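Here are my notes on the model you sent over.

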Amino acid sequence: MKGLNKIGRAKGDGGSLTPRGGLLELHQIVMRFGGVTAINGLDLTVNAGEIFAVIGPNGAGKTTVFNVVTGVYQPTDGGVLFDGRRLDGTKRYQVTKAGVARTFQNIRLFHNMSAVENVMVGADAHHRTGFVSAGIGLPRHRREEKQGRELARELLEFVGVSHRGDDAAKNLPYGDQRRLEIARALATRPKLLLLDEPAAGMNPAEKESLQGLIRKIRDSGVTVLLIEHDMRLVMGISDRVAVLDFGQKIAEGQPREVQNNPRVIEAYLGAPADAS
Ligand SMILES: Nc1ncnc2c1ncn2[C@@H]1O[C@H](COP(=O)(O)OP(=O)(O)OP(=O)(O)O)[C@@H](O)[C@H]1O
């Protein structure tokens with residue numbers, strides 16, 4: 001794929017990376033913003049087919065990880081491998097084409113467009129026709145638009161909001177807007193879906209059904225990398241969890257292992273685990 005380097009080829013001053021067999025691999029990522037080190041030497045491996053959660057206190061560097069993976073930021077040091085290819089140094093649209101999609105902490109929908117149209121915007125990432133052929137209505141464009149609309153309806157059904165397809169996004173209840181965002185991300189046909197605090201602002205019933213949806217996404221063959229503050233949800237659905245604190249990984253493992261880790265308890269409580 002154009003713009004993506006094969007494994008092992010030196011890229012910039014990043015040098016070569018030794019793959020570990022994961023779908024997504026962060027190798028010694030450092031991300032500095034002026035004097036702030038948001039991520040400091042982070043290694044992370046997300047395996048194909050798992051639900052992997054990144055947790056940590058506010059400011060730990062979680063969203064920065066997403067921004068590095070999706071090409072919003074180029075890391076100060078280290079590299080990212082996705083599906084065996086170098087992802088850092090590529091543009092955001094190339095990251096999408098490589099098979100990575102994301103949702104955001106704050107809902108980012110086109111409020112006045114219908115739910116179906118919002119999802120079609122996601123599907124557009126893979127269309128071959130450009131602005132001009134779309135403007136003059138070439139047959140390929142019309143075909144792609146029809147396919148995009150059908151895919152959008154299918155995805156709305158998949159996430160459970162097919163009954164709101166023709167409604168403006170702004171008129172959907174909050175929980176449905178979050179589902180719509182997920183449908184739009186899935187429209188790019190990702191191998192990996194990054195969810196940034198998908199349960200934020202949801203009520204308990206919505207959170208419960210979100211768990212089901214995330215599992216369904218994983219079961220459909222899409223690997224899920226999740227940032228979430230709701231521990232019940234994280235511990236309920238994650239295969240593995242990594243805990244960040246001040247840009248470093250302080251623990252990693254299955255939910256129960258991580259939950260009982262003294263360093264994790266200390267990071268969350270802001271005091272030594274054994275302090276009374
Ligand atoms: N563009 C930026 N410029 C300067 N500093 C930044 C930038 N992005 C993130 N940071 C800093 O990097 C650190 C990590 O921020 P980040 O948003 O990744 O944390 P987080 O774990 O996602 O936090 P939260 O749970 O509150 O969303 C913070 O100190 C933040 O202020």
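Predicted model: local features only at pLDDT ≥ 70, side-chain atom pairs only at ≥ 80, totals over all residues.

1. Residues are numbered from 1 along each chain as its sequence is written.

2. Strand S9 (residues 240-245) pairs with S10 in the antiparallel sense, over five bridges. Strands are DSSP runs of E with at least two residues, helices are runs of H or I with at least four, and both are numbered from the N terminus; two strands pair if DSSP finds at least two bridges between them. S9 and S10 make a hairpin with two residues between them, and Phe246 in the turn has a positive phi of about 50°.

3. S9 also runs parallel to S3, joined to it by four bridges. Here Phe52 stands opposite Arg240 in S9.

4. Stepping back, the open sheet has six strands in the order S6-S7-S8-S3-S9-S10, with mixed pairing. Strand S6 (100-102) and strand S10 (248-253) are at the edges with a single partner strand each, so one side of each has no neighbour in the sheet. On average, neighbouring strands are turned by 20° against each other, direction ignored.

5. Now the helices. H1 lies across strand S3 (51-55), S6, strand S7 (192-196), strand S8 (223-227) and S9, and runs at about 145° to S7. Helix H10 (residues 262-269) packs on the sheet, touching S9 and S10, and its direction makes about 130° with that of S10. Axes are lines fitted to C-alpha atoms, for helices over the stretch in contact, and angles run from 0 to 180 degrees between N-to-C directions. Contact between two residues is counted when their C-beta atoms, placed from the backbone, lie within 7 Å.

6. Do look at the ligand, too. The residues around the ligand include Phe33, Asn58, Lys62, Thr63 and Thr64; a residue counts as near if its C-beta atom, placed from the backbone, lies within 6 Å. Strand S2 (36-46) and helix H1 (62-69) are the elements giving two or more residues to this shell, and H1 gives the most, with three residues.

7. Finally, the protein chain is divided into domain 1 (1-99 + 197-276) and domain 2 (109-189), with bounds from an automatic or database domain assignment. Their contact takes six residues from domain 1 and eight residues from domain 2.
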